Amino acid sequence: MTVNIDNANAIAVERMIEARPVLTGLGKALDTVPDMHEDLLLHAGPPIAWEDASGPLRGALIGALIFEGRAEEEAEAAQLIASGEVRLSPCHHHSAVGPMAGVISPSMAVYEVENKTHGNRAFSNLNEGYGKVLRYGAYSDEVQERLRWMHDVMAPVLGAAIEACSGLDIRALLAEALHMGDEGHNRNKAGSVLFTKLLAPHIAMAAPDPATAAAVIDALGENALSVLNPVMAACKAMADAGHGVEGSTVVTTMARNGTEFGIRVSGMGERWFTSPCPQPVGLYFPGFSAEDGNPDIGDSTITETAGLGAFAMAAAPAIVTFVSGTPQDALNATLEMYEITAAEHTVFTIPQLDFRGTPVGIDLRAVVETGITPRVNTGIAHKEAGVGQIGAGLVRPPAALFAEALIAFAEQYGFQE
Amino acid sequence: MVEPLAQKGEACASALLAEVRAGSYYDSVVLMQLQRALTDLPGVRDAGVVMGTPANKELLTQSALVTADALRAAPEDLILVVQAESEQAGRAALAKVDDLLSARRTQQSDAYRPKTLSSATRMFPEADWTLISVPGAYAAAVARDALNLGQNVFLYSDNVPVEDEVSLKESAAGKGLLVMGPDCGTARVEGAGLGFANRVRQGRIGIVAASGTGLQAVMVGIHRLGEGISQAFGTGGRDLTADVEARTARQALTLLKDDANTEVIVIVSKPPSSSVAKQLLSAAKACDKPVVVNFIGYSGEPNVADHAAGISFARTLDGTAELAVQRLAASDSDHPTGKPEDSFQPTAAPAQRVSPVRPGSCLRALYAGGTLACEALFLLQGFLPSIRSNGPLPGGLQLENAHRSQGHTVVDLGGDAFTVGRLHPMLDNELRIRRLLQEAEDPETGLILLDVVLGDGAHPDPASELGPAIEEAIHTAARHGRSMPVVAVVIGTNADPQGLGRQVERLKEAGAAVFTRHDEAVYAVGRALGEMGEDRPLPSSEPDSNVPSERDCAAKASDFAAINVGLESFTDSLRAQGAEVVQVDWRPPAGGDKRLAGLLARLR
């Protein structure tokens with residue numbers, strides 16, 4: 001009853017801001033991710049059972065089992081999970097995050113990020129680029145071939161290059177990318193180029209031959225999302241640093257599994273609050289419409305949780321078309337998020353707002369009071385497994401989620417009448 | 001076209017259509033304007049546009065504008081109900097709603113509008129005043145936030161519990177801040193008129209007022225006499241009660257005492273309780289400046305000791321202005337005139353005639369200004385034996401039904417019985433026009449008296465609507481073979497957006513006898529009725545030739561920096577005066593969910 005919420009929030013958000021995530025290596029999930037084992041698949045969002053999983057998540061889980069050599073085809077893979085032989089667990093329970101379906105299987109390569117300030121670590125998988133990709137639930141031969149190249153050819157070179165860098169400061173990279181028109185979630189064009197630039201000399205040295213070096217550099221440089229996964233791991237490391245502060249109402253997790261949207265709160269341990277996932281509002285690629293869209297999916301909302309993504313929209317006027325229109329709308333998006341956050345970032349700043357820090361540390365109380373829910377920039381997946389990305393836009397978690405969490409917070413800390 | 005009240009709901013073939021929009025909050029003025037715009041659409045008989053609070057749903061039920069859907073709406077939901085001649089017309093009207101709402105919005109800039117007061121103060125740290133006009137149930141919490149953010153408060157909202165008023169004022173005093181209100185309609189601070197305010201000259205007379213239109217009438221009177229206002233603080237009508245102990249009034253007096261630009265102080269209020277009056281007068285004495293007091297309806301003899309201490313009492317609002325200006329002149333001259341004049345002195349001006357009144361017929365005074373209605377009741381006591389009102393003076397006769405006049409009647413159409421779910425008659429003339437035509441049909445009606453209050457916040461051109469209605473009313477009476485003079489008193493200045501001269505001209509064209517001093521208008525009416533139709537010339541108050549230029553009035557409003565939470569018209573009028581304002585896009589906390597709002601209060 002005697003907790004001072006304002007103080008607790010100040011501590012939580014200060015820890016998030018002071019966290020300095022550095023990319024230290026690329027390892028095998030089974031060897032590096034906490035509590036990973038042979039019969040476990042990690043996925044985006046809050047916990048979910050196979051029966052409740054949406055098309056894209058099912059497709060990605062099937063594809064991962066095929067990639068692992070555990071199954072030849074769809075029915076066999078489904079049987080492995082349905083029977084309980086292979087279990088499912090949220091990435092977030094293993095210090096990890098993955099975009100869209102976010103499926104990480106035991107032999108997959110994962111980026112390792114270490115928070116140099118507080119020592120905690122976070123992980124994310126490799127980004128496959130655009131088109132038919134596992135994270136959108138595609139698992140065809142073409143997808144498998146791409147995954148195998150990434151793991152057999154690219155990963156060893158990339159891992160060596162990262163080690164040769166002796167640590168790549170993702171926080172500094174993000175701060176710079178914000179000044180180059182990125183918001184760190186839907187737009188990572190500048191960040192991916194910076195990432196490629198920093199690694200390229202080391203890739204050239206580490207690659208067995210020039211053709212491999214060229215292929216790896218090309219894969220990173222051509223993919224405007226190549227830095228997204230290390231960025232997400234960095235955001236996870238920052239958000240986790242703010243987690244577990246007694247009496248804090250700061251939201252430290254927002255994630256979707258394609259069926260439900262879930263949040264966790266700093267002062268409320270590992271408890272998830274979930275609610276059916278809304279569908280994003282946005283622009284669809286030619287030939288697709290809202291009817292084809294899956295409810296929102298992915299752990300990439302960790303960027304908004306850490307004060308980036310839609311919260312830094314003012315920095316990325318180039319992508320306002322996804323959310324409706326004018327550069328003024330981009331400014332307004334960020335300005336609105338200041339209403340529900342506990343602090344302004346001291347490292348991530350926005351030139352368009354006179355170098356004001358991005359809004360960071362979503363305060364449960366402010367969300368409930370104002371009715372303003374966090375904005376999330378997101379990609380839109382086709383509801384059927386394997387089709388892939390069909391658009392991009394904006395989504396907001398349901399307000400009821402925050403009300404439910406606030407009521408539970410009051411119960412836990414004895415604030416009821 | 002105005003539809004008589006009685007036809008409402010008598011629809012034979014009609015369609016009732018409702019739409020509920022979840023989670024959309026709009027302020028009440030926007031909704032009422034939308035409601036009026038809907039009723040103006042072809043084939044629409046009536047419309048209701050309200051937020052889905054229990055009180056509003058009750059209101060819809062009473063107006064037979066309710067559907068099952070509407071009854072299920074939550075407080076944060078917007079209810080739109082249309083009663084139309086056909087389903088088609090109703091549908092067409094509902095389809096126009098978005099256009100009607102966005103028509104408003106395109107006039108606004110697309111710059112970010114803060115959603116909370118704290119974010120507004122971060123955006124605009126220069127602001128030191130916050131105007132609050134949110135629904136009463138939320139107003140105290142917003143005011144408390146404002147005080148905690150170091151803001152002075154202009155609290156327009158009413159229905160704020162008296163305990164909240166006292167605690168807000170105590171907390172403000174502790175922080176060296178001022179809370180004007182609740183239920184404060186007008187003020188003038190640092191050259192800017194707040195709420196309903198007339199454009200007047202900046203000057204040397206400071207005012208503390210516990211009434212809205214009373215303060216407006218005094219400011220206008222001072223302006224007409226060529227002087228101006230330094231500051232005018234509203235206190236809210238309850239400040240001078242024993243519960244609140246004149247907390248704001250006493251604080252305001254101290255501010256005026258210390259204000260180098262204020263040379264004469266005016267206090268205007270309905271009669272306070274005697275203990276509070278004593279406190280207030282002793283605070284006034286401590287000011288060491290000449291003080292003019294008008295406790296409207298105060299009939300006791302002024303105390304000699306008060307005179308000695310520089311306090312003089314005025315009988316009417318215009319008399320107050322006159323006395324203040326005299327005191328200023330006296331303190332200007334090297335030889336002070338000594339004991340100030342208490343009595344009302346008519347100004348020499350061309351005669352204004354009120355046509356004869358039929359013997360035995362009655363007064364029907366239809367007021368928009370509450371304090372003006374109160375002053376009329378007080379001043380008419382000497383002329384008319386019994387007057388009924390919906391807000392009578394102590395000991396006066398209460399109207400049985402506010403909607404129906406009886407004998408001599410003075411009705412305040414801004415009273416609660418009329419304004420629930422409707423715009424105030426200073427903003428919307430419809431109610432008054434209906435009542436005017438209703439009175440014209442009544443054979444008892446002998447004379448109609450109307451007030452027309454101009455200024456920021458008021459209707460943009462009242463005479464354009466009241467003028468034709470007056471003509472129609474006079475014709476209606478004439479058709480029944482009755483003469484029925486109409487007297488209008490216009491409170492305003494030529495610098496007001498509506499233009500005093502234009503309003504007076506239009507009302508005269510319509511056939512009204514027009515005054516610009518309220519006391520003169522009331523005396524003229526009293527004589528016309530009291531002496532049973534004796535047609536005598538009266539001193540009139542033509543708009544003064546001593547009219548200042550717009551520049552004169554704009555004064556230093558541009559220095560005023562404020563945050564507005566609630567009615568957008570307040571932002572518009574302050575901006576028109578050159579002040580800088582940030583409008584907060586306010587919504588009820590937790591979407592109006594009381595349980596969550598209570599929880600939030602504990603989690604602060």
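The model is predicted: local features need pLDDT of at least 70, side-chain atom pairs count only at pLDDT 80 or more, and totals for chains, interfaces and linings use all residues. Residues are numbered from 1 along each chain as its sequence is written, while chains are lettered from A and ligands numbered from 1 in the order in which they are written.

**Sheet in chain A**

- Three strands of chain A form an open sheet in the order S11-S16-S15, with antiparallel pairing. Strands (E, at least two residues) and helices (H or I, at least four residues) are DSSP runs, numbered from the N terminus.
- Strand S11 (281–284) and strand S15 (376–381) of chain A are the edges, each pairing on one side only. Two strands pair if DSSP finds at least two bridges between them.
- From one strand to the next, the twist averages 25°. Axes are lines fitted to C-alpha atoms, and angles run from 0 to 180 degrees between N-to-C directions.
- Six bridges join S15(A) and strand S16 (residues 389–395) of chain A in the antiparallel sense.
- A:Leu394 in S16(A) has A:Asn377 opposite.

**Contact between the chains**

- On chain A, 19 residues are in contact with 14 residues of chain B. Contact requires C-beta atoms, placed from the backbone, within 7 Å.
- Helices H11 (327–337), H12 (364–370) and H13 (399–412) of chain A each supply at least two residues of the side that touches chain B.
- H11(A) gives the most to that side, with five residues.

**Nonpolar cores**

- The largest nonpolar core has 155 residues. Such a core is a set of buried Ala, Val, Leu, Ile, Met, Phe, Trp, Tyr and Cys residues joined through C-beta atoms within 7 Å.
- Those with the most contacts inside this core include B:Ile132, B:Phe154 and B:Val525.
- Helix H14 (residues 370–380) of chain B gives the most to this core, with eight residues.
- The core lies between domain 2 (130–346) and domain 3 (351–539) of chain B, because both give residues to it. The domain bounds come from an automatic or database domain assignment.
- A second, separate core of 144 residues includes A:Ala19, A:Cys91, A:Ala161 and A:Phe311.

**B:Asp572**

- B:Asp572 lies in helix H21 (residues 568–576) of chain B.
- B:Asp572 is partly exposed, with 17 other C-beta atoms within 10 Å. A residue is buried at 20 or more such atoms, exposed at 12 or fewer, and partly exposed in between; C-beta atoms are placed from the backbone.
- B:Thr67 and B:Asp572 are 505 residues apart in sequence and 36 Å apart in space, C-alpha to C-alpha.

Terms used: Contact = placed C-beta atoms within 7 Å.
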